Amino acid sequence: MKLNIVVPCYNEEAVLHETTKQLSQLVDDLIAKGKIQSCEIIYVDDGSHDATWTLIEELQKSSTYVHGLKLAHNVGHQFALWAGLEYAAERADAIISIDADLQDDIAVIEQMIDAYKDGCEVVYGVRKERKTDTVFKRWTALGFYSLMQKMGVNIVYNHADFRLTSQRATQELMRYPERNMFIRGMVRLLGFKTAEVYYDRKERFAGESKYPLTKMLNFAVDGITSFSIQPLRMIATIGFIVTVLSFVAAVYALVSYLCGSVVAGWTSMLISIWFIGGAILLSLGIIGEYIGKIYKEVKRRPRYHIEKTI
């Protein structure tokens, strides 16, 4: 069995040496146990501004496992991950994707391989707890998964992008043409036999998180609008409720007029205008988000450009 490990990197110079050390030790152990015959660690440099690519080149010279892809510019985590998966799809029997920060427990990779050999095409790495995260980070992350599920998006709760996919599953995933990437949702569409392995999330070895609140919010919007039309249905529901309230208000106004008790109600009028105006703007914003997705898809621009391969 040949294994490839895909590691997207963006400004990860602080962790690359340790990541390579730990992954190489793991690969040596797996080969010694006869779990795999060979392995490539594929670092995908997503247009880093630090010395990430220089370190990858140095590591490639000193390690038989390290390979590198340098993207021409920063395209984002999902596209960088896709580039690595596409590169690995023809080179290995199984592909594991993992972030460079060492927060995902690489010790469970052996369990993933065992599940693959038992016939599973996709094996998800699922976090048991998030004790190492700040309270705010934990609250927003768990809220993200809950919101996605309530919006009808089929994802594995507390699973990020730490997973094993077989060569067949990876090649089938590559057939999806969309440019609005939400890979953890796309993998669920494959329908092959799956398994889950659980682990405790570790603290980041070094460096800073590449997913601040703004990126997390954008990621959530991408995931929801790429896999759910629930927001559009919510617009229809809000429109129905506003229509009913407007009808009730009209009946009340007519009865008041007939009874001769009409008074100037500027407060209620002002509130109504603000409410309806806000609802309209919100609705237009949601519809615009979907139109923007269509705009990106129909242009069919390349997802990324590879500047260099080692």
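Helices (H or I, at least four residues) and strands (E, at least two) are here DSSP runs, numbered from the N terminus. The model is predicted, with local features needing pLDDT of at least 70 and side-chain atom pairs counting only at pLDDT 80 or more, while totals for chains, interfaces and linings use all residues. Residues are numbered from 1 along each chain as its sequence is written, and side-chain values use heavy atoms, with hydrogens and water left out.

**Exercise 1. The surroundings of V6**

Task: locate V6 and list what V6 is in contact with, leaving aside its neighbours within four places in sequence.

Solution. V6 belongs to strand β1 (residues 2-9), and V6 counts as buried because its relative accessible area is 0%. With contact taken as heavy atoms within 4.5 Å, and with neighbours within four places in sequence left aside, V6 is in contact with I42, V44, L81, G84, L85, A88, I95, I96, S97 and I98. Of these, S97 is 91 residues from V6 in sequence, yet the C-alpha atoms are 4.7 Å apart in space.

**Exercise 2. The crossing of α1 and α2**

Task: describe how the axes of α1 and α2 are arranged and which residues meet.

Solution. Axes are lines fitted to C-alpha atoms, for helices over the stretch in contact, and angles run from 0 to 180 degrees between N-to-C directions. On that basis the axes of α1 (residues 16-32) and α2 (residues 52-62) come within 10 Å and cross at roughly 35°. The residues that meet are L16, H17 and T20 from α1, and T52, L55, I56 and L59 from α2.

**Exercise 3. Nonpolar cores**

Task: identify the residues with the most contacts inside the largest nonpolar core and the helix that gives the most to this core.

Solution. A nonpolar core is a set of buried Ala, Val, Leu, Ile, Met, Phe, Trp, Tyr and Cys residues joined through side-chain atoms within 4.5 Å. The largest has 37 residues, and L3, V7 and Y43 have the most contacts inside it. At least two residues of this core come from each of β1, α1, β2 (38-45), α2, β4 (94-97), α4 (109-117), β6 and β7, with α1 giving the most, five residues. Another core, of 29 residues, lies apart from this one and includes F79, Y87, V126 and M186.

**Exercise 4. The aromatic pair**

Task: classify the geometry of F162 and Y199.

Solution. Rings of Phe, Tyr and Trp (its six-membered ring) pair if their centres lie within 6.5 Å, and planes under 30 degrees apart count as stacked, over 60 as edge-to-face and the rest as tilted. The structure holds one such pair: F162 and Y199 are 5.5 Å apart, centre to centre, with 80° between the planes, and the pair is edge-to-face. F162 in β6 (residues 159-166) and Y199 in β7 (residues 194-199) are 37 residues apart, and the pair links distant parts of the chain. Both F162 and Y199 are buried.

How values were computed:
Buried means under 20% relative accessible area, exposed over 50%, partly exposed in between (1.4 Å probe, protein chains only).
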